[in-house]
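Please keep the sequence and the structure in view while reading.

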Amino acid sequence: MAARVLDVPPERAFRLVAALHQHGRWVPLTRVDARRGVPHPGDLVEARTAGVFLDRMRVLRVEPPHLLVLAKLGPVLLGTATITVTPAPGGCARVTWDYDARLRGPLPAAALVGQLLEAMAALALWRMARWLRRTRPGD
């Protein structure tokens, strides 16, 4: 699990993390094919990292401005990704990005999946926070 406080209200933080088509901005070497704006249950999402690693997902639940749940459909990762947004002090938002995912099949790197996904989510949240700091009106 990765978590970070973003210096924006929860509603804006949710719009930012739920804009799946923009996740390529936050996750290095990744291109995402997804609906613009807030997704809907049943939407399909495809992410490709480094041009080779394909991650197919389906949106399971969307509860703005607090919850987004994605099912990982393979071909490599199976399980779920859950993004939760809660109010934080000072009008900010705490974003939590959690995975319950595993590699499909008996691959030797299976033990590293959780650590790699957590590191990826932490980096993505850090990049979102940095972008928000840099794009403040009047700065």
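In this predicted model, 27 residues line the largest pocket, and those nearest its centre are Thr49, Phe53, Asp55, Leu117 and Met120. A pocket is found on a 1 Å grid over the protein atoms alone, as an open set of points where a 1.4 Å probe fits, with protein on both sides within 12 Å along at least five of seven lines; a lining residue has an atom within 4 Å of a point. Rolling a probe the size of a water molecule over the atoms shows where empty space is left. The largest pocket holds about 510 Å³ of space, where a volume is the space filled by probe spheres set on grid points that are joined across faces, edges and corners.

Two or more lining residues come from each of β2 (30-33), β3, β4, β5, β6, β7 and α3. Among these elements, α3 supplies the largest share of the lining, six residues. Helices (H or I, at least four residues) and strands (E, at least two) are DSSP runs, numbered from the N terminus. By type, the lining divides into 22 nonpolar, three polar and two charged residues. Here Ala, Val, Leu, Ile, Met, Phe, Trp, Tyr, Cys and Pro count as nonpolar, Asp, Glu, Lys and Arg as charged, and the others, Gly among them, as polar.

The numbering runs from 1 along each chain as its sequence is written. Because the model is predicted, local features need pLDDT of at least 70 and side-chain atom pairs count only at pLDDT 80 or more, while totals for chains, interfaces and linings use all residues; side-chain values use heavy atoms, with hydrogens and water left out. The pLDDT, from 0 to 100, is the predictor's confidence in each residue. The protein averages 91, and 93% of the residues score at least 70. Confidence is highest in β1, at a mean of 97, and lowest in α3, at 91.

**The nonpolar core**

A nonpolar core is a set of buried Ala, Val, Leu, Ile, Met, Phe, Trp, Tyr and Cys residues joined through side-chain atoms within 4.5 Å. Buried means under 20% relative accessible area, exposed over 50%, and partly exposed in between (1.4 Å probe, protein chains only). The largest such core has 38 residues, and Leu6, Leu68, Val95 and Trp97 have the most contacts inside it. Two or more of its residues come from each of β1 (2-6), α1 (10-18), β3 (44-49), β4 (53-63), β5 (67-75), β6 (77-88), β7 (92-103) and α3 (113-134). With eight residues, α3 gives the most to this core.

Contact means heavy atoms within 4.5 Å. Leaving out residues up to four places away in sequence, leucine 68 touches residues including Phe14, Val17, Leu20, Val59, Val62 and Ile83.

**Separation along the chain and in space**

The table lists C-alpha to C-alpha distances.

| Residue pair | Apart in sequence | Apart in space |
|---|---|---|
| Glycine 37 and histidine 21 | 16 residues | 7.8 Å |
| Methionine 57 and alanine 129 | 72 residues | 25 Å |

Glycine 37 lies in the loop between β2 and β3 and is partly exposed, at 34% relative accessibility. Beyond its neighbours within four places in sequence, glycine 37 is in contact with Ala18, Ala19 and His21. Alanine 93, in strand β7, is buried at 0% relative accessibility. Its contacts, again not counting residues up to four places away, include Val5, Leu6, Pro10 and Val85. Methionine 57 belongs to strand β4 and is buried at 8% relative accessibility.

**Backbone features**

Which two residues are joined by a cis peptide bond with omega of about 0°? They are proline 64 and proline 65, and proline 65 is placed in the loop between β4 and β5. Another cis peptide bond runs from glycine 74 to proline 75, with omega near 10°; proline 75 is found in strand β5.

Leucine 29 is not a glycine, although its phi is positive, at about 60°. Leucine 29 lies in the loop between α2 (23-26) and β2 and is exposed, with a relative accessible area of 70%. Alanine 50 likewise has a positive phi, near 55°. Alanine 50 is placed in the loop between β3 and β4 and counts as exposed at 51% relative accessibility.
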